[in-house]
Amino acid sequence: MKSFDFYDTLVTRLVGDPADIFSLVGERLGIPEFRAMRIAAETKAREALGGEVTYADIYDHLSLPSQLKEKARLLELEFERSLVAPVTAIASQFQMGDLIVSDMYHDEHHYRGVLEQFIPGVVPGAVLISGATGVNKSGGGLWKKVTTDYPELRSHIGDNLFSDVRQARRSGLIAEHFAQAALNTYEMALAKQGGDASLIAGASRATRLSLIRSDSSPADRASIESFASVIGPLLHSFVHWIMRSCEKAGIHDVYFLARDGQLPFRICSRLVAESGQELRCHYIYASRQALHLPGCKTVDDAESWLLEGTPQLTLRTIAERAGLTLDVVMGAAAQRITVGPDDDIPLRERQFLAEVIRSPLFADAFTASIRRAFEPANAYYLQEGFAARRDVALVDVGWNGRLQRSLGTLLDKSGLRPTRMLGLYLCLSRRLSQAQGDDLRGFVAAPEHPELVAFFDQYRHVFEAALSADHPTTTGFEFSHGVARPLFGEAYPPETRQKIALQHATVDAFLENIVALGRAAGRPVVPSSGVAVENFRRFLSRPTRGDGLSFEGFLFVDGQTGSEMKPVARSLRLTDWLRPSSDLGYWTEGTLSASGLSQLGIFTRLRRATGRLLAKIK
C-alpha cells in the first residue's frame, strides 16, 4: 500500500497561487476584497478552534450576509472541482486501495469526486484529511494516526519536503519528494506580477504536469516544459495583441499565413469564439516560393529573393525559386559560374548572378514562369475571399514584410487588392512592403527599436521552429477540377512530425486552461506581455539544459524552396564543440545547453561576434 498527498501531487490547480481561487470568486460576485476576507476567515477559524479547521468552519467566520456567503461557498467549491488538472506522472501510479493523506480543510467527498474525474473507477482505500481528523502531517499527528490505522502502509509521495518527506520518514515510511509541482523559473516570473499573470503561471504549470508522463523521454519532457511555460504564454500574448489591433483598426478579417501562422490561427480562433469579438479568422497557404514568383512582374522585382544569400546558395536553388528547369539556369550561368548545380556558389562568383538572371535566356523563361504561377495562385487567394475584402489583417512570424508585398502585388495584378492590409508580425525587422494602404507592425520587436531587432534576429530559426505547422511548406498552386489548390513540398521526417504534434498538443492544452480560467472569471484572461517576452528572451539567450533539449534534433526547413533541412540544436560532446568545423545547429546556445556545455557561453558569444564581423567583411 502507498499513500499520496493530494494537491500538487495527484492533481494541481490551474492557478499560480491557491488564493487566486478566492480572487476569482470575488470577481464573479463583485466583491473586490473577497480574497483578503477569505484568507482572514481561515485565520480566525484556526485561532478560534486552536488548530485544524473544516471548510464549514472557515465560512462560519466569513463576514458576509448569509445568502451571499452561501453563493461564495458554492462558487469556491465549483472552482476547486473545475479548475484542476491531473499530475499525470503521479496519478498514473495511484492504484485501487491506496491512501490519500492531506493537510487540508476539504472533506472526503470532495477529494473522491475530483479524483474520479482523472482516475475513474480507481477508489482510494481511505482519505485522511487534517481538517476532519484534527491533526496534520506537518505536526506529525496525522502520520501517527495513519501508520497506526494502516500498518501495511509502506511508502508515501508528496510535494512538501517537510510534511510529506521528513515527517513521513520519522514515522518509518519510505517517502519520495515530488518537486516538479513547484512553479518553474518562467512561471515564477509570471506569478510575481500577480493578477492574471498568476493565473497564466498556473495554467502553464497545469499544462506541463498534465502532459508529462512517468515514461516521457527527456526530449519530450523538455518540449512540453518549454511550450507550456514559454512559447504558450508568448503566443497567447501575441494573439491578444492581434485581436486588440484588429478591433482598434476596425478590421473584421484576419488572414494567418502558413506555415508560421497555424498555431496563432488556432489560438485566435478559440479566443475569438470565447470572446464573441466580430473577427473572422482565416488560414491561408503561403510561402516565399509560392508567393514571390506569381507576385512579381519583372526580374528586377525578383532579384532580392531570387538571389537571397541563404547559408548555401546553389544554381539548383535559384532554379527552384524561379520555377525553371535546371538546364535553363545552367545555360544562362555557363559563362560566369564555374561550380556544379549543387555546389555553393563562391562569393567571388555571386557578384555575377545579377547579370545571369538578366540574360535573355533566363529573363524570357522567367517571364513565362511568372505567368504559369500567377493564374492558379491568384485564383486561390480570390477563393479565400480577398476579392470581397476592403480591409484585412495579415499575420506571420516576420521578418520584413516581403510576403505581404508579394501577396499585395499578386492581387494588384488582378485589380482586387484590398484597400488596407495591416501586417501583424511576431517580430518585424524591416518594412519592405510600403505600398499605399500597407501598415506593418511588430509585437516583440519592430524597426523603431533596432536593439530588440538585432537581438531577436539572431534566433529566427528558433522562432520558426516554435511555430511549425503540421503540414509541409507550400510550393505553389494548381487547378484541380476547376478549383485552385495548394501544392506541398517534402513531408517532415517522422521524428520531426512527432515533435510538432507534441508542440501543438501542449499549446492546445495551455489554451484550454486559459479558456477555463476566463470562464471562471467571466471575462478573458489578459496576458502579461512584458513578462512573456522577457521569458522568451531569457529562453533564447540563457537556456537551461531542458530548454536546449526542447529543440534538440528538430530539423528546420531553411531556404526559400523549403528543401534544406538542418537541426535547430544538437547534443554534442566537448571535443565536437572545439572543432572549428563543428555544426552547432541554428541555435548555438541551445546546442551548448543541451550538451551540458552552457558554461562555454562566453566563447559562444565571441564565436558569433566573429562570424558576424566576417560576414560584414565578405
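The accessible surface of this protein comes to about 26,000 Å², and 52% of that belongs to carbon and sulfur atoms. Keep in mind that this is a predicted model.

The overall picture, quickly. We have 29 helices and 16 strands. Along the principal axes, the C-alpha atoms fill a box of roughly 95 × 60 × 45 Å. Of the 618 residues, 56% are buried. Now take contacts between residues at least 6 apart in sequence: 71% of them join residues at least 24 apart.

Helix α17, residues 326-333, packs on helix α20, residues 360-383. The angle is about 150°, and the axes are 8 Å apart. That makes the two roughly antiparallel, because the angle is over 145 degrees. From α17, the residues are V328, V329, G331 and A332; they meet L361, F362 and A365 in α20. By class, that contact has six nonpolar residues, one polar and no charged ones.

Now the aromatics. The structure holds 32 aromatic pairs. Take F238 and W241: ring centres 6.0 Å apart, planes at 25°, so this pair is stacked. Both residues sit in helix α12, residues 218-249, three residues apart, about one turn.

Compare F551 and W587. Their ring centres lie 6.1 Å apart with planes at 75°, so this pair is edge-to-face. It links distant parts of the chain, 36 residues apart. F551 is in the loop between α26 and β15, and W587 is in the loop between α27 and α28. F551 counts as buried, at 0% relative accessibility. W587 is also buried, at 0%.

Last point. F551 and W587 belong to a cluster linked by ring pairs, with W399, Y459 and F536 among the other members.

Technical notes: Residues are numbered from 1 along each chain as its sequence is written. This is a predicted model: local features need pLDDT of at least 70, side-chain atom pairs count only at pLDDT 80 or more; totals for chains, interfaces and linings use all residues. Side-chain values use heavy atoms; hydrogens and water are left out. Axes are lines fitted to C-alpha atoms, for helices over the stretch in contact, and angles run from 0 to 180 degrees between N-to-C directions. Helices (H or I, at least four residues) and strands (E, at least two) are DSSP runs, numbered from the N terminus. Angles under 35 degrees count as roughly parallel, over 145 as roughly antiparallel, 65 to 115 as roughly perpendicular and the rest as oblique. Contact means heavy atoms within 4.5 Å. Ala, Val, Leu, Ile, Met, Phe, Trp, Tyr, Cys and Pro count as nonpolar, Asp, Glu, Lys and Arg as charged, and the others, Gly among them, as polar. Buried means under 20% relative accessible area, exposed over 50%, partly exposed in between (1.4 Å probe, protein chains only). Accessible areas come from the Shrake-Rupley method with a 1.4 Å probe; for residues, only the protein chains shown count as cover. Rings of Phe, Tyr and Trp (its six-membered ring) pair if their centres lie within 6.5 Å; planes under 30 degrees apart count as stacked, over 60 as edge-to-face and the rest as tilted.
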